[in-house]
Amino acid sequence: MKQQDSPKRNIQDYQLLALGERKSQGKEWALLTSKEVMESLGLDSQQSFRLFSRLLTQKRIQQLRRGVYLVPGHLPPGKKWAPSNYEALWAYMDWLGAKWQITGLAAFTRYGFSTQVPQIITVYNNKLSGETEAGGGRFIFIKLSPDQLGNTNLFEMHGSIQIPFSSKARTIFDAIHFANRFGTIPEAYKWIKLIAKDSKETDELIKCSLIYGNKQSISRIGFVLESLNIDASLLFNKLENQPSKTFFSLIPNSRNGPINKRWKIIENKNLSQIFSEMEIPDDD
């Protein structure tokens, strides 16, 4: 029976891959849903499930989520294919109609703040929340309201897609605002010093803090900027307009140290000491 079914399976495989090739219109991949494959190939739900399962096992296609697949525009030699993590992410977000941007380790590495290779890509977006695998990549989705998204740079990848990353200033802000998630304090204070001579970057950091920040992130960023002789009066004015009796530790998890009443900061580690521990990047 298996031998009799084999030609039919081969024909279905060919038909699905051919459908993907036509839909790709010369691009590296196309997105297909199980519904459109069933309609195009005249399959029922069980036949469609077996077809997709077979091609997934053979690593000839990739699954974004149940019922949504990436199919190569042309199978490479060896007949196995996988999109890059960024291609899979772009396709997924485009299909969802999401507003999104990459932050976290992938952004830290993009701007030279880290040399680690991200195994999981962190994505701000307005549609999804949680950790998942899609298209062979691993992602952490952080759902934010649309007004909390913005300040991005587009990077062209694979010749045809543009990937939105948090801008350098927004990335530094993210590292401080979500320090509990990323574990990036005190490193992020060192990154502020790296951009301290660039007024455009520091101005954007201040704007990001005003737009997206809370009292804690504004206090920390304002304190560090002023320590670097950068005018942070806009941040101080916002703190004054939002009075609070709470003091925030410069470094999380310890509340022992001198008090800075202006910024409501507990300086539990000296900034000069933090900066002295910096690894200065090469000019190239």
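With which residue does E277 form a salt bridge? The partner is K269, and the closest N and O atoms of the pair are 3.2 Å apart. A salt bridge here is a side-chain nitrogen of Lys or Arg within 4 Å of a carboxyl oxygen of Asp or Glu. E277 counts as partly exposed because its relative accessibility is 36%. K269 counts as partly exposed as well, at 24%. Buried means under 20% relative accessible area, exposed means over 50%, and partly exposed lies in between (1.4 Å probe, protein chains only).

The model is predicted: local features need pLDDT of at least 70, side-chain atom pairs count only at pLDDT 80 or more, and totals for chains, interfaces and linings use all residues. Residues are numbered from 1 along each chain as its sequence is written, and side-chain values use heavy atoms, with hydrogens and water left out.

A search of the whole structure finds six salt bridges. One of them joins D13 to R54, with the closest N and O atoms 2.9 Å apart. This pair links distant parts of the chain. D13 lies in helix α1 (residues 2-24), R54 in helix α3 (residues 45-57), and 41 residues separate them. Both D13 and R54 are buried. Helices (H or I, at least four residues) and strands (E, at least two) are DSSP runs, numbered from the N terminus.

The side chains of R170 and D174 meet at 2.9 Å, N to O. Both residues belong to helix α6, four residues apart, about one turn of the helix. An α-helix has 3.6 residues a turn, so residues three or four places apart point the same way. R170 is buried, and so is D174. Helix α6 (residues 168-177) is mostly covered, with eight of its ten residues buried. Among them are A169, T171, I172 and F173.

The strands come next. Two strands pair if DSSP finds at least two bridges between them. Three strands form an open sheet in the order β1-β3-β2, and the pairing is antiparallel. Its edge strands are β1 (29-33) and β2 (62-65), each pairing on one side only. Neighbouring strands of this sheet are turned by 30° against each other on average, direction ignored. Such angles run from 0 to 180 degrees between N-to-C directions, and the axes are lines fitted to C-alpha atoms, for helices over the stretch in contact. Three bridges join β2 to strand β3 (residues 68-72) in the antiparallel sense. Within this pairing, Q63 stands opposite Y69 in β3.

Strand β6 (residues 130-134) and strand β7 (residues 137-143) run antiparallel and are joined by five bridges. E133 stands opposite R138 in β7. β6 and β7 form a hairpin with two residues between them. G135 in the turn has a positive phi of about 60°.

A further open sheet has three strands in the order β10-β12-β11, with mixed pairing. The edge strands are β10 (248-249) and β11 (259-260). Two bridges join β11 to β12, and these strands run antiparallel. N260 stands opposite I265 in β12. I266 is found in β12 too (residues 265-266). I266 counts as buried because its relative accessible area is 4%. Not counting residues up to four places away in sequence, I266 touches residues including F247, F248, L250, P258 and I259. Contact means heavy atoms within 4.5 Å. The C-alpha atoms of I266 and S160 are separated by 48 Å, and the two residues are 106 apart along the chain.
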